[in-house]
Amino acid sequence: MQDIIVIGAGIAGVPAAYELTRWLGSTARITVVSDREYFHFVPSNPALAVGWRVESDIALPIKPHLEGRGIDFVHGSVTAIDADCSRIVVDGARELSYDSIVIACGAVPRWREIPGLAKLHSVLDLEQALATRKAYERFASRSGPIVIGAAPGASILGSVYEYAFLVDADLRRRGIRRRVPISIITPEPYSGHLGIGGSALRESLTHALAAHDIQWIGNAETIGAAEDAIQVARHTDGGRAKKESIPYVFGVYWPRFGGIPALTNSALPTDAHGLLKVDQYLRSEQYENVFAAGICIAPSQASPTPVEVGLPRTVDAIQEEVRIAAHNLVASLRGQPLRSVAIEHAQRVMGTGQDQAAYMSALRVPVGDITGLKQGRWVYEAKKEFENRFLNMVMFGFEHGSPVGALIRTIRSTAATGSGVIRHHGRQLVLELDQSIYAEVVAMATVLSQSSSSFASGLLTAAIQEAKTCLTETERTEVQRRIEETLITALQKEEEERLQFEDGAS
Ligand SMILES: Cc1cc2nc3c(=O)[nH]c(=O)nc-3n(C[C@H](O)[C@H](O)[C@H](O)COP(=O)(O)OP(=O)(O)OC[C@H]3O[C@@H](n4cnc5c(N)ncnc54)[C@H](O)[C@@H]3O)c2cc1C
């Protein structure tokens, strides 16, 4: 039996473990090692940090979900990776051997690269986002200028804008926005560059920032942070830099990412920041039984800018990496050909026309649509949907998330507030249920504090959505045609009834 270890139970690690289990079944012992006992949906951290999401919305204990699939879970921090002997050390003491390993440990913020930056807040992990939320609550009672910034080389700049718009929306809701100037400090040469270049977002984002009265400070190399001001050097294309001091009372920053200590101290080839170097098969450049996925991988070279901007890595792009890394690990065990991430990426980009489009479609919360948002609501709703789908995948293992699962999660998360009842519009559909199914629906509705009719209606709606995903394209088109036919017939009937009534009344 093969021993396979996955380091990390995050956006890359959990799907990697599921994918390997799907491929290898009982022919391998798969163990996930993570320093945290929970899975957590990182992209929702900005909403958590303004209090629009709570911890239980975006994090869940991972052990039961892994063990339920026959995957072992070890809670502990990987403190060393001995690639020559194919073993890792957990919490400095416990040794675990492997035949193959998937490194999906994420990355660590490199706060110390810039003097004083470590004392600013951040939303990079759950604990930091929760701490930032507390500090934000305290700040909101005093107010003053906010800076939301990214250091040179920082790489997830879409979330910088997202957080700024959320803070803007939240402060408006509290009625104190006028007292709080908001500034974004970014290494980007123009707004919406995001490390990928292209100009698709430039105009719309510039307008959105102006409309929301958010000051944008670009080409900015953050060089230090004092108690009350951020020091930046603003660069020009000509290579000159002008120093500026940006005052703040509340500051949230995105630093550059680097490799975890176990990686940087190992014999595995890494880049200057300790991130793992992999080949086109997502395999270590030097060790054939070491694969990787996620932000622990050294990014490829970004196009040059006056101040360095890191390349982004989106959740969907990581899911593609996970599938390729898991496939290649299994293929290498079976002596089969490996898939190349470079070739598949090139095919995807050619299919979508350009990098920007590929990135935006992968981002799921298209920043381009920020212009259309009203008080951050649109982004927030889209993100909730994204979050729901991913958490369902973690809980139920469905490739695209399950609408039924999403329904249950929505009911659970809204039951406490009493809102979010599933409404059924239109004509009533009378269903004859089998006695045992009827009893189950009533029992579940009672447990979830729902009325049995609204629960049954929501369940049916979700089940239909899920069922549609099992149909072929032709069947779906035919269903759509029949839906329209039914609706038109119903409308015609209503119209006739109305006419008869009016006729009768006149
Ligand atoms: C604030 C923010 C907002 C974002 N918004 C979006 C977005 O809207 N859309 C999008 O597509 N992407 C977004 N991203 C990017 C995306 O969330 C990340 O790229 C993704 O989380 C990286 O996944 P990962 O598995 O590599 O790392 P992570 O999700 O960070 O997982 C790493 C895992 O490894 C574990 N670990 C770490 N060190 C050790 C150790 N020593 N031993 C054992 N386990 C360890 C961690 O506990 C964790 O379980 C956002 C990122 C941030 C920070």
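I began with the contacts. Among those between residues at least 6 apart in sequence, 66% join residues at least 24 apart. I kept in mind that this is a predicted model. I listed 16 helices and 19 strands for the chain. Of its 506 residues, 39% count as buried.

Confidence came next. The chain averages a pLDDT of 83, and 83% of the residues score at least 70. I marked two stretches where pLDDT stays under 50. One is residues 348-375, for which the model has 54 contacts beyond four places in sequence. The other is residues 416-425, with 10 such contacts. Where pLDDT is low, the predicted coordinates should not be read in detail.

I then looked up the nonpolar cores. The largest has 113 residues, and Ala-16, Val-102, Ala-104, Ala-292, Cys-296 and Ala-325 have the most contacts inside it. Helix H6 (residues 158-174) gives the largest share of this core, 9 residues. At least three core residues come from each of domain 1 (2-35 + 76-107 + 259-358) and domain 2 (111-256). Another core, of 6 residues, lies apart from it and includes Ile-408, Ile-411, Ala-456 and Leu-459.

Leaving aside neighbours within four places in sequence, I found Ala-104 in contact with residues including Val-6, Ile-7, Gly-8, Ala-16, Ala-292, Ala-293 and Cys-296.

Is Ala-293 buried or exposed? I counted 32 other C-beta atoms within 10 Å of Ala-293, so this residue is buried, the cut-off being 20 or more. Beyond four places in sequence, its contacts include Ala-12, Val-102, Leu-282, Ile-318, Glu-321 and Ala-325. I also checked Ala-293 against Gly-106: they are 187 residues apart in sequence and 8.6 Å apart in space, C-alpha to C-alpha.

Last, the ligand. I have 37 residues around it, of which Gly-8, Gly-10, Gly-106, Gly-294 and Thr-314 come nearest. Strand E2 (28-34), helix H2 (45-49), H6 and helix H9 (315-334) each give two or more residues to this shell. I sorted the shell residues into 22 nonpolar, 11 polar and 4 charged. Why does the ligand lie between domain 1 and domain 2? Both domains give residues to the shell, so I place the ligand between them.

Definitions and conventions. Residues numbered from 1 in each chain as written. Predicted model: local features only at pLDDT ≥ 70, side-chain atom pairs only at ≥ 80, totals over all residues. Core = buried A, V, L, I, M, F, W, Y, C linked by C-beta atoms within 7 Å. Buried ≥ 20, exposed ≤ 12 C-beta atoms within 10 Å, placed from the backbone. Helix = DSSP H or I, 4+ residues; strand = E, 2+ residues; numbered from the N terminus. Domains from an automatic or database assignment. Contact = placed C-beta atoms within 7 Å. Near = placed C-beta within 6 Å. Nonpolar A, V, L, I, M, F, W, Y, C, P; charged D, E, K, R; others polar. pLDDT = per-residue confidence, 0-100.
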